[in-house]
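Here are a few notes to read alongside the model. Have a look at it first, then go through the points below.

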Amino acid sequence: MQKGNIGVTTENIFPVIKKFLYSDHEIFLRELVSNAVDATQKLKTLISMGECQEEAGDLTIHVSLGKDTITVSDRGLGLTAEEIDKYINHIAFWGENYFLDKYKNDANAIIGHFGLGFYSAFMVAKKVEIITKSYKEGAQAVKWTCDGSPEFTIEECDKADRGTDIVLYVDDDCKEFLEEPRISSLLSKYCRFLPVPIAFGKKKEWKDGKQVETEEDNIINDTMPLWTRKPSELKDEDYKKFYRDLYPMSDEPLFWIHLNVDYPFHLTGILYFPKVKSNIELNRNKIQLYCNQVYVTDSVEGIVPDFLTLLHGVLDSPDIPLNVSRSYLQSDSNVKKISTYITKKVSDRLQSIFKNDRKQFEEKWNDLKIFIDYGMLTQEDFYDRAKDFALLTDTDGKFYTFEEYKTLIKDNQTDKDGTLIYLYANNKDEQYSYIEAAKNKGYNVLLMDDQLDIAVVSMLEQKFEKVRFTRVDSDTLDNLIAKEDKKGDEVQAHDREVLSTMFKSQLPKTDKTEFYVMAQSLGENALPVMITQSEYMRRMKEMANIQAGMSFYGDMPNMFNLVLNADHKLVKGVLTDEEQACVSDVAPVQQEMDEVNTRRDALKKSHEGKKDEEIPTAEKDELTDLNKKWDELKAKKDAIYTDYASKNPVIKQLIDLALLQNGMLKGEALDKFVKRSIDLIK
Ligand code: ADP
């Protein structure tokens, strides 16, 4: 028997392994099973090259549980005593401090970086044995034992068969790994697609109401997962089945891409376009990353562009460095190439579906939209490709490419300054009447009702030249797309003032909502009253809701315009009625106001060109008094209008109808409206 010390420069590596790899210690199984797979693959290669005369025989790897042991057995190439000494006893190690500082939180990094694969066994075992016999002719079987201190023993032993058994004597605090379901789930997580059959126990079947073991090995893996096979041999159903196997709870995918590159890097895999439900975050990071069929992680962040983390499926590449930090990953040249390659493949695929089967593309657009929009918003090179197949949808459900849409609206929706105006709605029901009005005028209205559309609108405004997006309810129809400078038939100042005073006085007071009342001449056939909200103000508030640091806008009240159509019969009627009802009260006040004004104007005129000190104090005082007087009279006049307005059911009814049309009539105001309406039709 030989004794020795494992060649580590630190005093004792095992406590370090245990302590710092604690969170991830389940990966020991992955490491041991993939070592067994490697040994098996190497043997196959030797046989195929004629360097090994042995029969391969059954190469199944067995994972088995004893009372306090886990054993991984392979029939691979085995190890000689010299090889154990070379590969197992001497681990290259750097100083402990370096090790701790650098890799504190990342078990994968330590294990890969230091070739610690085998030693990860000590994360769960207090003692490990390697019982192995090399494929080499006349090789002597040997048993290596180590109890977790740097000391090991190595001795000759009996072993009939070629290959290696790794026996772990499981630590008391790791007993969970002796439970069958735990190992079973670890095997299916890490070893599900390894290229050599792996058996864990025997297949079970139901007999007389009980589960009994059969003679047959329970093979836990698929040695030829779909991505390793030739696309030409595969049918749609195969891809769909594989997707169901990977994500049993998900809807059928929209379509998929089978990746297969050998140069300048190795990459295989299948990416699926899932049906992305409303919540982006829930759909993120479902791509599984493999390295030669060994499961590594399901977080491909940093390896593919952000928007592609919405895809599902598997990527398998030995060229992605696994043992480095995520930030380093992004600067790795292979990772960059892989990322660019995948982006290109994805856009090519979308482009080809768009070209060859536009109908299918449109049918799937609602599911694809979020993904493509997200890509365009975050990835410049994706925008450049996607701009040819990304679609806009109008409120009638028709689809257009950016170019098609531009051609569609060019003639009719260019304003007097040559800016192309894109009209949109974000709620077909709430903005129904605005949409209808715009359509009746021959405009087209886009539907932008998706969670990313606020951002998409801003993006497109920046990308397109001389283009502005404005929501259908952001202004009156004539002003949405201003075709010519204002006509002469403006509403008279007097009418404007009276109307706005009366209507403003009757608007229900709502918290955080303010109205600016104005009268315009919108034509006899337009609605008597409508509510608009400035595009700019609304967008600021919307952005504030999604962006930090803009809370100023978020706190501002919602500002709306209540636009009265002075051409409409009902509004005209209100004015004539008011005139009749108020004239006797208003006339004397107005007369006084006119007098005040005349005197005020005269004084001001006489002061023109004079310096302040040249104006007599008495005149200054008179002016102050006149201003005060004027304010009082104005308040008095407004009170007359307000009093009248409060008794005029038409004013209230018109206001409420406008509010109702915008879903803003609620609570007491709604109740009053209903009662008043009943009174009006009684
Ligand atoms: P790595 O696999 O990264 O080289 P490990 O610590 O896992 O590092 O293994 C060290 C070496 O031990 C391997 O390179 C291999 O030569 C040998 N080895 C480990 N497990 C086996 C096995 N089951 N059969 C044959 N050789 C093995």
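**Notes on salt bridges and a helix pair**

1. Let's start with Glu592, which counts as partly exposed at 30% relative accessibility. Bear in mind that this is a predicted model. The partner of Glu592 is Lys629: their side chains form a salt bridge at 3.4 Å, N to O. Glu592 sits in helix H20 (residues 569-607) and Lys629 in helix H21 (residues 617-647), so the bridge ties together parts 37 residues apart in sequence. Lys629 is partly exposed too, with 34% relative accessibility.

2. Next, look at Arg182 and Glu26, whose side chains meet in a salt bridge (3.7 Å, N to O). This one links distant parts of the chain, 156 residues apart: Arg182 belongs to helix H6 (residues 180-190), while Glu26 is in the loop between helix H1 (13-20) and helix H2 (27-48). Is Glu26 buried or exposed? Glu26 is buried, because its relative accessible area of 14% falls under the 20% cut-off. Arg182, at 24%, counts as partly exposed.

3. Asp396 and Lys439 also pair up, at 2.9 Å from N to O. Both are partly exposed: Asp396 has a relative accessible area of 47%, and Lys439 has 26%.

4. How many salt bridges does the whole structure hold? The search finds 44. Some residues join in a network, namely Glu461, Arg471, Asp473, Glu535, Arg538, Arg539 and Glu542.

5. Finally, helices H10 (residues 333-356) and H11 (residues 358-378) pack at about 150°, their axes 8 Å apart. The contact includes Val346 and Leu350 of H10 and Phe361 and Leu368 of H11. By class, it has eight nonpolar, two polar and one charged residues.

Terms used:
Residues numbered from 1 in each chain as written. Predicted model: local features only at pLDDT ≥ 70, side-chain atom pairs only at ≥ 80, totals over all residues. Heavy atoms only, no water. Axes fitted to C-alpha atoms, helices over the stretch in contact; angles between N-to-C directions. Helix = DSSP H or I, 4+ residues; strand = E, 2+ residues; numbered from the N terminus. Contact = heavy atoms within 4.5 Å. Nonpolar A, V, L, I, M, F, W, Y, C, P; charged D, E, K, R; others polar. Salt bridge = Lys/Arg side-chain N within 4 Å of Asp/Glu carboxyl O. Buried < 20%, exposed > 50% of the residue type's maximum accessible area, 1.4 Å probe, protein only.
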